Amino acid sequence: MDLIPSFSVDHTKIIPGIFISRQDEVGGNIITTYDIRVTRPNVEPAVSVEAMHTLEHIIATYMRNDPDWKDEVIYWGPMGCLTGFYLILKGSRKPQEVFEFLTSAFESVAEATDVPGATPENCGNYRLHNLEMAKWYAVRFADYLRSNSDNERIFEYPKTERLVTDDGQQFYDS
């Protein structure tokens, strides 16, 4: 069985940043999936479920209301490992081209006074939120992005090349 693209990334080398996870053609149009890595996998603690859920609500609302980007956003949601998010956009843009939009989205969390859609009618787990922790993670990540904007490593996935034998066995770096 083939590894999916997100499992071909060397998670021991990835740092927080904005990465292209994959590009696909759907109905003759290109869509791009971005890996928005908020914490360093297996080094830093994962984002708490409550903060991740709150970040999802606030940033999704921000993105889908931004006049320049709302028609491009297909999906914004958390990774199962709770170290970041996936952003799916129409088109093919380099991570540097979505940098300002994404950083501004995270910065908007600091101004939030409530969590949009956090009601029993609008959310499947409306009590599972933590606005203060979401603000902490958002400010931390936005500040990190701004202070590292000239560091190409926050835009380039560290890929793992794996040797595959003729019979399909894969060897991994130690």
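## Close-up views of a predicted model

**View 1. T54 and the residues around it.** Setting aside neighbours within four places in sequence, T54 is in contact with V115, H129, N130, L131 and A134, where contact means heavy atoms within 4.5 Å. This is a predicted model, so local features need pLDDT of at least 70, side-chain atom pairs count only at pLDDT 80 or more, and totals for chains, interfaces and linings use all residues. Residues are numbered from 1 along each chain as its sequence is written, and side-chain values use heavy atoms, with hydrogens and water left out. T54 sits in helix α1; helices are DSSP runs of H or I with at least four residues, strands are E runs of at least two, and both are numbered from the N terminus. Is T54 buried or exposed? T54 counts as buried because its relative accessibility is 0% (buried is under 20% relative accessible area, exposed over 50%, partly exposed in between, with a 1.4 Å probe and protein chains only). Its side chain also reaches the backbone oxygen of E50 at 3.0 Å.

**View 2. Where helix α1 meets helix α3.** The axes of α1 (residues 49–63) and α3 (residues 131–147) come within 8 Å and cross at roughly 75°. So α1 is roughly perpendicular to α3 (that label covers 65 to 115 degrees). The axes here are lines fitted to C-alpha atoms over the stretch in contact, with angles from 0 to 180 degrees between N-to-C directions. On the α1 side you'll find A51, T54, L55 and I58, which meet L131, M133, A134, Y137 and A138 in α3.

**View 3. W76 and the largest nonpolar core.** This core has 37 residues, and W76 is listed with I18, I36, L55, M63, L87 and F106 as having the most contacts inside it. A nonpolar core is a set of buried Ala, Val, Leu, Ile, Met, Phe, Trp, Tyr and Cys residues joined through side-chain atoms within 4.5 Å. Leaving out neighbours within four places in sequence, the contacts of W76 include I36, L55, M63, L87 and F106.

**View 4. S149 in a loop.** Look for S149 in the loop between α3 and β5 (163–164). S149 counts as partly exposed because its relative accessibility is 37%. Not counting residues up to four places away in sequence, S149 touches F99, I154 and F155. A polar atom of its side chain lies 3.4 Å from the backbone oxygen of R146. The C-alpha atoms of S149 and G17 are separated by 9.5 Å, though these residues are 132 apart along the chain.

Conventions. Angles under 35 degrees count as roughly parallel, over 145 as roughly antiparallel, 65 to 115 as roughly perpendicular and the rest as oblique. A polar contact is a pair of N or O atoms within 3.5 Å; within protein, one must be able to donate a hydrogen and the other to accept it, and residues adjacent in sequence count only if both atoms are side-chain atoms.
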